[in-house]
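Here's a quick tour for anyone meeting this structure for the first time. Take a look at it, then read on.

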Amino acid sequence: MKNINAFIYYAQSEQASKTVADLKQSPLISTIYLVTTNKELQPLAGCEIVYVDSFQSTQTIKKIAEYSTTDYSLIYLKSTALKLGYFALERMIRIAEDSQAGMVYADYYAQINDNVKNSPVIDYQEGSLRDDFNFGSLMIYNSGALKESAEKMNANQYQYAGIYDLRLKVSQNHPLVHINEYLYTEVEEDTRQSGEKIFDYVDPKNRAVQIEMEQACTQHLKDVGAYLAPKFKTIEFDQGTFEYEASVIIPVRNRIRTISDAIQSVLIQKTNFKFNLIIIDNLSTDGTTEAIDSFKDERLIHIIPKRTDLGIGGCWNLGIHHEKCGKFAVQLDSDDVYSGEDTLQKIVDAFYEQNCAMVVGTYQMTNFEMQMIPPGIIDHKEWTPENGRNNALRINGLGAPRAFYTPVLREIKLPNTSYGEDYALGLNISRNYQIGRIYDILYLCRRWDDNSDASLDIVKMNGHNTYKDRIRTWELQARKRISK
């Protein structure tokens, strides 16, 4: 069997001592390096200490590569104690050898206080470009692949994106292999629900981090031939004949507590053009249907599908292909509301002013009572006209409310799913067309227990992430053909 040099994040001597003791039980471990930013910490017995500026920096990765003298290099990213499974390292090296992996990672057990739960992770694929992709905290790199990749990390010297950049560069020439076996236990420190974590990347305090992550991802897209330069098709806005300038589309199923608020926020819109509201009521059973019918307004078109196999994307396809759908189709979720009476006017104006096939606004997070909650305003300012469509492959969403030029939308269509359908559409549109942005708050996004992503179990969350990675993979494949 091959030998391993271990690099562990050294922040507290008590926890690090436990990790070191556990690692030393394996005969595969050659040298343990304690990587730390704290120069007051002293080496632990039998270990070497490596002082760095940041555990996530480019320089740290280069130091790890320099110290990697064995066949494999173990990197442990947490400061809490690591507990290896029985013959776990032997198993990981065996799979690394058999698969010729550049890096291997495994499912793990997460310890929360006195409870231990299964934490399966997902397979890495070409489109797994999120910088928050969960590998767990323990990864074993082929040292040759690590060194080869570190040598390429010269164009940008990152403070935060070093680990991410390493992973991207290794993946360009080597497989990243998921071992779907539970091989270690780590302490879970982030106990927030899934709905609270998904907005971390748009939190303003993380802006410096996100700028570096975008740079690393953009360079990766250039390296693999999937980068798209800022050249877009022009739209004349004269395709087809439309009775209405705009239609608000609301797919809904069993939202009796919120649907009336959503409808009211549409009907009070003040515009200089003709608009309507198309609601696709996907076989509601809780009184939602009756609530919709209680609005006596000729602008409201209430559709109850005959099909029983429609997800949110399928409902959208039904709405946009309705003969009364307007030139622009504007999104509103059934539990959210527009922030003012001028939202629709601002969105339609943006299409003409920015010559785009899709417009994305800015929204504010609120609780059920419409009171602002953290992280507050979600403006997606990471989007730029020059690089937005490339950076879109790294992030998990494009923002809200979303609106579309209907002829383009009818041509592309949405996948008939209830998760990721809007993201897939945005990526597809951005291949050829500019996506316009509005940085005024147009939308109040309610977070409550019935949100589809409020509190997902690990299996469902993994399913969602796998699907979005698959969307990115398909998009990468398409963009590689375009950029040739």
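## A tucked-away helix

Which residues of α14 are buried? They are Glu421, Tyr423, Ala424, Leu425, Gly426, Leu427, Ile429 and Ser430. Keep in mind that this is a predicted model.

Helix α14 covers residues 421–430, and eight of its ten residues are buried, so the rest of the structure largely encloses it.

## Rings that pair up

The structure has 21 aromatic pairs. One of them joins tryptophan 316 and phenylalanine 404 edge-to-face, with 5.7 Å from centre to centre and 85° between the planes. Tryptophan 316 belongs to helix α10 (residues 312–320) and phenylalanine 404 to strand β17 (residues 402–405), so this pair ties together parts that are 88 residues apart in sequence. Both tryptophan 316 and phenylalanine 404 are buried.

Now for phenylalanine 328 and tyrosine 352: their ring centres are 5.6 Å apart and their planes sit at 85°, so this pair is edge-to-face. Phenylalanine 328 is in strand β13 (residues 328–331) and tyrosine 352 in helix α11 (residues 343–354), so the pair links parts that are 24 residues apart in sequence. Phenylalanine 328 counts as buried because its relative accessibility is 0%, while tyrosine 352, at 38%, counts as partly exposed. Phe328 and Tyr352 also belong to one aromatic cluster with Phe237, Phe351 and Tyr405.

## Charges over rings

Where does the charged end of lysine 222 sit? It's over the ring of tyrosine 227, 4.9 Å from the ring's centre. Lysine 274 has its charged end over the ring of tyrosine 244, 4.8 Å from the centre of that ring.

Methods:
Residues numbered from 1 in each chain as written. Predicted model: local features only at pLDDT ≥ 70, side-chain atom pairs only at ≥ 80, totals over all residues. Heavy atoms only, no water. Buried < 20%, exposed > 50% of the residue type's maximum accessible area, 1.4 Å probe, protein only. Helix = DSSP H or I, 4+ residues; strand = E, 2+ residues; numbered from the N terminus. Phe/Tyr/Trp six-rings, centres within 6.5 Å; stacked < 30°, edge-to-face > 60°. Lys NZ or Arg CZ within 6 Å of the ring centre and 35° of its normal.
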